[in-house]
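Open the model in a viewer and keep the sequence panel beside it. The stops below say what to select next and what is there.

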Amino acid sequence: MVLIVNTTFDRSITDELKKQMDSRNIDAKIIETDSLRISPCIGCNFCWLKTPGECSVKDDYEIILKNLPHADQMWVISDTALGFLDHKGKNIYDRIIPIGTMYLKFVGNQMRHVPRYDKRTDVGIIYTGNPDVEYLKKWNTRAALNFEAGSLGVFSTDEIKEAVSCMC
Amino acid sequence: MHVLIINGSPRIKAHSNTDKILEKFTKGMTSKAATFKQYEISDRKQWDDIRKAFDESSEILIAIPLYVECIPGLLIEFLETLTPKKGDARISFILQGGFAEGIQLRCGEEYLKILSENLGCTYGGTLVKGDNFSIRFFEGEQRDKITSRYEEMGCEYAVNGNFHSEKCRKFTGPEILSAPVRLFVGLLQKTLAKKMFARIAEGWGCTKPLDYRPYQ
């Protein structure tokens, strides 16, 4: 299953995605966050040490946490600011941390959190605006490592066809 | 030198590791006659005051915990509301994280250069250091053992006005841990560390195993 999280107010992006995905019979679940309340991560670490796997911030992010252990891919559609994802897009990544555990191990020569679930969810970005694309690509690759996953790439909203070609 | 300091941690001040680091860092700064005013990004009631201080300051320092390889979403939300300066200010950063290896913080550090440009400021460098996860679990001398190393860096910053010196660069420590250390730490993580985490969790009222899967 491909999980799409649209953090922008622009549903024409997901309309276009739907069209493209339907033509390729891609099993997708789309979450539009414009009607949801998703707060930032507050760094409490409760998801690791008090309520394992559950976020202490009780808002609509839980729907993402429920879907992630069953998704092969997650695509975050985000506006950009200051050369990077805007705060809404970054919040989606920051709040993923309950899918890791407090336990640590070395992968290669770097330490990582031991994943909570068996499934690995690769991540991709579809962005609006003018971020520093090279940095964003590098960052997404690095962010994915934290979930023992891979980067699916970083695409502008003009490259939806290319993004869909990476979906399975 | 007078410095606007922004604690960019979303965690409330009482539990903020970044704040404990700043306590020592500013002690070093003031010993070299620098002055500062510190604000907390975790307290939205301060945001108007921080914006005003940003507009009026020429020397700015943001202390940041690494969140998924970059800066926290809450800090981005605040920074989005700023009017960029016109090159008339210098901005420096303290970037800290839980993992011990310097390499874990480099992707975040790279963004801070991009951010400085987007905020219209001259980049004063970033003081990079990991291995800070346990700060909140300790008090007194045990905590000081971890945080006091920042005092000297506060002196260094007050004297130079940036983090470009060799001393600051070396402060990061090893980029990756040596193979024998990895072997030892890896073993520790499978044994003693698990017990320690379980003890902390119990103290926090946790009733489930730490690898519990609520959404399986």
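**Stop 1: a lysine in a loop**

Select B:Lys85 and show its contacts (heavy atoms within 4.5 Å): leaving out residues up to four places away in sequence, B:Lys85 touches B:Phe54, B:Asp55, B:Glu56, B:Ser57, B:Ile60, B:Leu119, B:Gly120 and B:Cys121. The model is predicted, so local features need pLDDT of at least 70 and side-chain atom pairs count only at pLDDT 80 or more, while totals for chains, interfaces and linings use all residues. Residues are numbered from 1 along each chain as its sequence is written, chains are lettered from A and ligands numbered from 1 in the order in which they are written, and side-chain values use heavy atoms, with hydrogens and water left out.

B:Lys85 sits in the loop between helix 3 (73–79) and strand 4 of chain B; helices (H or I, at least four residues) and strands (E, at least two) are DSSP runs, numbered from the N terminus. B:Lys85 counts as buried because its relative accessibility is 10%. Buried means under 20% relative accessible area, exposed over 50%, and partly exposed in between, with a 1.4 Å probe and protein chains only.

**Stop 2: a serine in strand 4**

Move to B:Ser92, in strand 4 (residues 90–96) of chain B. Its relative accessible area is 0%, so B:Ser92 is buried. Setting aside residues up to four places away in sequence, its contacts include B:Ile60, B:Tyr157, B:Asn162 and B:Phe163.

**Stop 3: helix 9 of chain B**

Select residues 192–203 of chain B, which form helix 9. At 1.5 Å a residue (the expected span is 1.5 Å times one less than the number of residues), these twelve residues should span 16 Å, and the end C-alpha atoms are 17 Å apart, which agrees. Which residues of this helix are buried? They are B:Ala193, B:Phe197, B:Ile200 and B:Ala201. Seen down the helix axis, these buried residues fall within an arc of 100°, so they line one face of helix 9 of chain B. The arc is that of the directions from the helix axis to the C-beta atoms. On the other side, B:Leu192, B:Lys195, B:Arg199, B:Glu202 and B:Gly203 are exposed.

Now show chain A as well: the buried residues of helix 9 of chain B pack against helix 2 (46–49) and strand 6 (100–107) of chain A, together with helix 8 (179–190) of chain B. After helix 9 of chain B comes B:Gly205, with a positive phi near 90°.

**Stop 4: a leucine after the helix**

B:Leu210 lies in the segment after helix 9 of chain B. It counts as buried because its relative accessibility is 4%. Leaving aside neighbours within four places in sequence, B:Leu210 has contacts in chain A, including A:Trp48, A:Pro52, A:Tyr103 and A:Arg116, and in chain B, including B:Phe197 and B:Ala201.

**Stop 5: helix 1 of chain A**

Select residues 11–23 of chain A, which form helix 1. Its buried residues are A:Ile13, A:Thr14, A:Leu17, A:Gln20 and A:Met21. They fall within an arc of 125° seen down the axis, so they line one face of helix 1 of chain A. A:Lys19, A:Asp22 and A:Ser23 are exposed on the other side. What covers the buried residues includes strand 1 (2–6), strand 2 (28–32), strand 3 (73–78), strand 8 (122–127) and helix 6 (160–164) of chain A. Just after this helix, A:Asn25 has a positive phi of about 50°.
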